[in-house]
Amino acid sequence: MSLRMTGERATLRDWVPADEAVLPDLLAPHRPWHDTNGPYRGRPTEEQLAAKVRRTAELAGSLPEDLPTPRTSLAVLDTGSNRLIGEVSWYWECEPTGWRRMGIVIYDEVYWGGGYGTDALRLWTGYLFETTDALRLDFATYSGNPGMAAVGRKLGFTEEARFRNARPWNGEVYDGLVFGVLREEWLARRDGLG
């Protein structure tokens with residue numbers, strides 16, 4: 001069965017074939033999300049973006065029973081319009097210890113600042129704690145992305161690391177940031193105990 005989680009503003013779901021037509025515009029190099037999502041690494045090339053569309057199309061073409069649990073990536077939609085606006089993902093920071101690092105990108109800047117990222121990360125964090133034995137989850141950002149830091153704080157994540165002057169970019173120097181939450185902290189907040 002296809003995976004779908006619906007929040008007040010954001011919905012997470014498996015990728016579908018129709019996403020392949022929308023992604024090239026959302027991923028285009030001119031989009032402002034590239035200025036907040038690790039811009040110090042440089043903008044992706046057209047070839048890199050085309051490869052991402054192909055990888056997503058492969059996921060969309062898979063049968064739900066062939067996809068892993070937990071999913072490694074899900075589409076983020078606007079709950080009201082069902083429009084594709086972003087993506088959540090995770091990767092191994094350290095597989096032998098079960099340490100997963102999450103990611104979220106709201107590709108469509110029209111949806112920035114409207115609570116969509118907060119709702120999507122809330123759903124994604126809950127899903128990963130429900131489907132894994134992870135003791136902790138975290139995400140990395142930088143001080144040039146105050147919106148992402150605000151999302152983490154709003155959801156009860158703790159700023160666990162600040163790597164000072166780690167991210168020179170565009171004539172400025174920014175700090176690298178990591179926000180984390182422990183399983184027991186997340187469950188206590190969910191259950192109204194924290």
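This is a predicted model: local features need pLDDT of at least 70, side-chain atom pairs count only at pLDDT 80 or more; totals for chains, interfaces and linings use all residues.
Residues are numbered from 1 along each chain as its sequence is written, and side-chain values use heavy atoms, with hydrogens and water left out. Helices (H or I, at least four residues) and strands (E, at least two) are DSSP runs, numbered from the N terminus.

**Annotated domain**

- An unreviewed UniProt entry carries the annotation "domain: N-acetyltransferase" for residues 9-158. UniProt positions are given in the numbering used here, feature names are shortened, and annotations may be inferred rather than shown by experiment.
- In the model, residues 9-158 are 33% helix and 25% strand, and the end C-alpha atoms of the span lie 24 Å apart.

**Nonpolar cores**

- A nonpolar core is a set of buried Ala, Val, Leu, Ile, Met, Phe, Trp, Tyr and Cys residues joined through side-chain atoms within 4.5 Å. Buried means under 20% relative accessible area, exposed over 50%, and partly exposed in between (1.4 Å probe, protein chains only).
- The largest nonpolar core has 33 residues, and those with the most contacts inside it are Leu-12, Val-76, Val-88, Leu-121, Trp-124 and Phe-157.
- Elements giving two or more residues to this core include strand 2 (10-13), strand 4 (84-94), helix 4 (146-154) and strand 8 (172-182). Helix 3 brings the largest share, eight residues.
- Take Val-88: setting aside residues up to four places away in sequence, it touches Leu-12, Thr-72, Ser-73, Leu-74, Val-76, Gly-103, Ile-104, Ala-120 and Trp-124. Contact here means heavy atoms within 4.5 Å.
- Apart from that core lies another, of 13 residues, with Trp-15, Leu-27, Ala-75 and Val-105 among them.

- Asp-119 sits in helix 3 and counts as buried because its relative accessibility is 8%.
- Helix 5 (residues 183-190) has Arg-183, Trp-186 and Ala-188 as its buried residues. Helix 3 and strand 8 are among what covers them.
- Just after helix 5, Gly-192 takes a positive phi of about 75 degrees.

**Pockets and the cavity**

- On a 1 Å grid over the protein atoms alone, a cavity is a set of points where a 1.4 Å probe fits but cannot get out; a pocket is an open set with protein on both sides within 12 Å along at least five of seven lines, and lining residues have an atom within 4 Å of a point. Grid points are joined across faces, edges and corners, and a volume is the space filled by probe spheres set on the points.
- The largest pocket has a volume of about 1400 Å³. Of its 50 lining residues, Thr-36, Asn-37, Gly-38, Ile-104 and Val-105 lie nearest its centre.
- Strand 5 gives the most to that lining, with six residues. By class, the lining divides into 25 nonpolar, 17 polar and eight charged. Ala, Val, Leu, Ile, Met, Phe, Trp, Tyr, Cys and Pro count as nonpolar, Asp, Glu, Lys and Arg as charged, and the others, Gly among them, as polar.
- The second largest pocket holds about 180 Å³, and its lining includes Met-5, Arg-122, Tyr-127, Trp-186 and Arg-190. Helix 3 gives the most here, with five residues, and the lining has five nonpolar, one polar and five charged residues.
- There is one cavity of 30 Å³ or more. The largest cavity has a volume of about 60 Å³ and is lined by Asp-14, Trp-15, Leu-59, Leu-67, Pro-68, Arg-71, Thr-72 and Ser-73.

- Most residues other than glycine have a negative phi, and most peptide bonds are trans.
- A cis peptide bond joins Thr-69 and Pro-70, with omega about 5 degrees. Pro-70 lies in the loop between helix 2 (46-60) and strand 3.
- Asn-82 isn't a glycine, yet has a positive phi of about 65 degrees. You'll find Asn-82 in the loop between strand 3 and strand 4, and it counts as partly exposed at 42% relative accessibility.
- Asn-165, in strand 7 (residues 158-169), also isn't a glycine and has a positive phi near 50 degrees. Asn-165 is exposed, with a relative accessible area of 56%.
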